[in-house]
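Here is a short tour of one model, written for someone who likes cut-offs spelled out. Have the viewer open and follow along.

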Amino acid sequence: MDSRAKQVYYAKLCEQTERYHEMVEVMKQLVTTSPDITSHERELFNVAYKNTIGSRRASWRIISSIVQKEEMNPKGTRLVYAKNYKARVERELEQTCTEVLGIIKNVLLPKCQGAENRVYFHKMQGDYERYI
């Protein structure tokens, strides 16, 4: 099995075990090493980032709700901690979106072949720009 096939297989294992942060690293390495990717590899790249962002967005919604509840608390002793944690989640979300946008803009779009791939990456780009 060649190096690329190993990376794709490892990405599939990461997906099946729901270890999307590892899947992101594998797919990031694969696309930056060789940006001419197949439709299957393109899907794996998308799944990795979509699930990583999805879990952070879910965390952001939860912590935002907690911050709102703490703001209503007259003592408000835990509000600072909740706000700090919310800021941390927001930074992670922004960093991950910035990372994937950089890969799309600087690596994948300049090297992609065909209209279908171009449209696919522009759609991904729009999705992640929306989250920032």
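## Helix H2

Helix H2 covers residues 20-33, which makes 14 residues. From its first C-alpha to its last it reaches 20 Å, close to the 20 Å expected at 1.5 Å a residue (the expected span being 1.5 Å times one less than the number of residues). Helices here are DSSP runs of H or I with at least four residues, numbered from the N terminus.

Which residues of H2 are buried? They are Tyr20, Met23, Val24, Val26, Met27, Lys28, Leu30 and Val31, where buried means under 20% relative accessible area, exposed over 50% and partly exposed in between, using a 1.4 Å probe and protein chains only. Their cover includes helix H1 (3-16), H3 and helix H4 (79-111).

## What you're looking at

This is a predicted model, so local features need pLDDT of at least 70 and side-chain atom pairs count only at pLDDT 80 or more, while totals for chains, interfaces and linings use all residues. Residues are numbered from 1 along each chain as its sequence is written, and side-chain values use heavy atoms, with hydrogens and water left out.

## H3 against H5

Now for a helix pair: H3 (residues 39-72) and H5 (residues 115-131) have axes that come within 12 Å and cross at roughly 10°. The axes are lines fitted to C-alpha atoms over the stretch in contact, and angles run from 0 to 180 degrees between N-to-C directions.

On the H3 side, the contact (heavy atoms within 4.5 Å) involves Arg42, Glu43, Phe45, Asn46, Tyr49, Lys50, Ile53 and Arg57. H5 brings Glu116, Asn117, Tyr120, Phe121, Met124, Tyr128 and Tyr131. The residues of this contact split into 8 nonpolar, 2 polar and 5 charged; nonpolar covers Ala, Val, Leu, Ile, Met, Phe, Trp, Tyr, Cys and Pro, charged covers Asp, Glu, Lys and Arg, and the others, Gly among them, are polar.

Glutamate 41 sits in helix H3 and is buried, at 6% relative accessible area. Leaving out residues up to four places away in sequence, glutamate 41 touches Arg4, Val8, Met27 and Leu30.

Threonine 98 belongs to helix H4 and is partly exposed at 44% relative accessibility.

## Cysteines

Cysteine 14 is buried at 2%, and cysteine 112 is buried at 10%. How many disulfides are there? The count is 0, a disulfide being a pair of cysteine sulfur atoms within 2.5 Å.

Technical notes: Helices (H or I, at least four residues) and strands (E, at least two) are DSSP runs, numbered from the N terminus.
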